[in-house]
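Please examine the sequence and the three-dimensional structure shown here before reading the report.

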Amino acid sequence: MTKNSVNFSEIELKLEAILFSYGDWITLESIKTLLQIEEEDLLNKAILNVMKKFETGYSFKVETEEFELQEHTGIIKSRKWRMALKEEYNDLITDFVSGFEMPKSALKVLSVIAYLSVQGLSAHDQDILAN
């Protein structure tokens with residue numbers, strides 16, 4: 001995909017949606033796959049713009065972190081990003097979440113998922129969860 005065939009503003013909006021929804025660190029490779037865009041320079045520019053957008057006027061921010069990957073050609077440095085609450089709002093949310101009680105049915109489902117993830121899923125278990 002070329003820069004001329006994509007709307008840059010749309011890329012930024014989709015990137016915001018990904019970062020907001022994903023809830024964890026996400027790599028450039030994953031972003032490339034989700035957006036179906038191979039141009040790293042274009043994506044890096046969009047990420048930088050989104051980071052700048054949320055620097056002021058919002059209760060959350062886009063964090064970035066470097067990490068190293070072991071490749072067959074050696075160690076390469078890469079980056080990952082995530083949407084996170086700004087530090088000044090941590091107490092507010094911690095107080096809110098600490099009073100939250102999860103329904104027992106949701107706890108049961110989560111405990112089964114945690115158990116299965118530790119045990120590893122058989123093909124039969126994967127079929128059951130898929131349906």
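## Basis of the model

This is a predicted model, in which local features need pLDDT of at least 70 and side-chain atom pairs count only at pLDDT 80 or more, while totals for chains, interfaces and linings use all residues. Residues are numbered from 1 along each chain as its sequence is written, and side-chain values use heavy atoms, with hydrogens and water left out.

## The nonpolar core

The largest nonpolar core contains 19 residues, and L19, I31, V62 and W81 have the most contacts inside it. Such a core is a set of buried Ala, Val, Leu, Ile, Met, Phe, Trp, Tyr and Cys residues joined through side-chain atoms within 4.5 Å; buried means under 20% relative accessible area, with a 1.4 Å probe and protein chains only. Helix α3 gives this core its largest share, six residues.

Leaving aside neighbours within four places in sequence, I31 is in contact (heavy atoms within 4.5 Å) with L15, I26, L43, I47 and W81.

## Residue E63

E63 belongs to strand β2, residues 60–71; strands are DSSP runs of E, at least two residues, and helices are runs of H or I, at least four, numbered from the N terminus. E63 counts as buried because its relative accessibility is 18%.

Not counting residues up to four places away in sequence, E63 touches W25, K80, W81, R82, A84 and E87.

## Lining of the pocket

The lining of the largest pocket includes five residues from β3, the largest share.

Key: Buried < 20%, exposed > 50% of the residue type's maximum accessible area, 1.4 Å probe, protein only.
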